[in-house]
Amino acid sequence: MTEAASTTVGTLGLVERVAALHRGELFARIPGRVLAAVAEHTAEVRASPGEVMIEEGAVEAHLYALVHGRVRVHRGDQTLVELGPGTTVGELAALVPQPRTASVTALEPTLALRLDKAVLDDLLVEWPELAHGVIEALVARLSAIADQAGQTR
C-alpha cells in the first residue's frame, strides 16, 4: 500500500463491519459470531482515486474486503478486473505471503477493511468454520477461473 492510502481510526461499528464482510463471497458462508471475531481485528483503510493499495511484486501479508468504492486490479496498464463493495483482494497473500501478482488501484474514494495474516492465522485456528468458509470460497473462485479458461480456448 502506498503511503497515501491511510489506515484510519474505526468509523464503522462492529455490526457494519460484520455486514460488510458478510457481503463478500470469501466470508458469505461464515456464521455471524465468527465474522464478529474477524471484524474486531480489521483495520479501516481509505484510499483516494489513483492511490495504489497493493503494488505488484510487493511481499505483503494481508487482504482487503471492499466496503465502499471501486478498485482496478491490473498489471501495468492492463486491467484484469474492476471490483467494488462486497469483494476481497489479496486473499492468497494473507494465507501464504508471496510477491503480489497484480497491483490494485482505487478508482474512486474507497473504504476497505484490512485483515492481516497473523490475525487471520489465529482466527483460522480458533474458528474452524472460518477455515472451511475460506477454503470453499477459494475453491469456487478457482473453479470459476478454470471454467473461464476453458471457454476462451
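Contact means that heavy atoms lie within 4.5 Å. The legends below describe a predicted model, in which local features need pLDDT of at least 70 and side-chain atom pairs count only at pLDDT 80 or more, whereas totals for chains, interfaces and linings use all residues. Residues are numbered from 1 along each chain as its sequence is written, and side-chain values use heavy atoms, with hydrogens and water left out.

**Figure 1. Overview of the chain.** The chain holds five helices and nine strands; helices (H or I, at least four residues) and strands (E, at least two) are DSSP runs, numbered from the N terminus. Read from the N terminus, the order of elements is β-α-α-β-β-β-β-β-β-α-β-β-α-α. The C-alpha atoms fill a box of roughly 40 × 40 × 25 Å along the principal axes. For 153 residues a compact globule would have a radius of gyration near 15 Å, and the chain agrees with this at 15 Å; the radius is taken over C-alpha atoms, and the globule rule is 2.2 Å times the number of residues to the power 0.38. Of the 153 residues, 44% are buried, where buried means under 20% relative accessible area, exposed over 50%, and partly exposed in between (1.4 Å probe, protein chains only). Among contacts with a separation of 6 or more, 76% join residues 24 or more positions apart.

**Figure 2. The buried face of helix H1.** Helix H1 spans residues 14-23, and Arg 17, Val 18, Ala 20 and Leu 21 are buried in it. Seen down the axis of H1, these residues fall within an arc of 160°, so they line one face of the helix; the arc is that of the directions from the helix axis to the C-beta atoms. Their cover includes helix H2 (32-40) and the strands E2 (43-47), E4 (62-68) and E9 (110-116).

Figure 3. In helix H4 (residues 117-126), the buried residues are Lys 117, Leu 120, Leu 123 and Leu 124. They cover an arc of only 125° around the axis, which puts them on the same side of H4. Ala 118, Asp 122, Val 125 and Glu 126 are exposed on the other side of H4.

**Figure 4. Surroundings of Gly 69.** The loop between E4 and strand E5 (71-75) contains Gly 69. This glycine counts as buried, at 8% relative accessibility. Beyond the residues up to four places away in sequence, Gly 69 touches Leu 83, Gly 84, Pro 85, Glu 108, Pro 109 and Thr 110.

**Figure 5. Thr 105 in strand E8.** Strand E8 (residues 103-106) includes Thr 105, which counts as buried at 11% relative accessibility. Leaving aside neighbours within four places in sequence, Thr 105 is in contact with Gly 50, Glu 51, Val 52, Arg 70, Val 71, Arg 72 and His 74. Thr 105 and Val 52 are 53 residues apart in sequence, yet their C-alpha atoms are 4.3 Å apart in space.

**Figure 6. Val 81 in strand E6.** Val 81 belongs to strand E6 (residues 78-83). With a relative accessible area of 35%, Val 81 is partly exposed. Not counting residues up to four places away in sequence, Val 81 touches Val 71, Arg 72 and Val 73. Val 104 is 23 residues from Val 81 along the chain, and 9.7 Å separates their C-alpha atoms.
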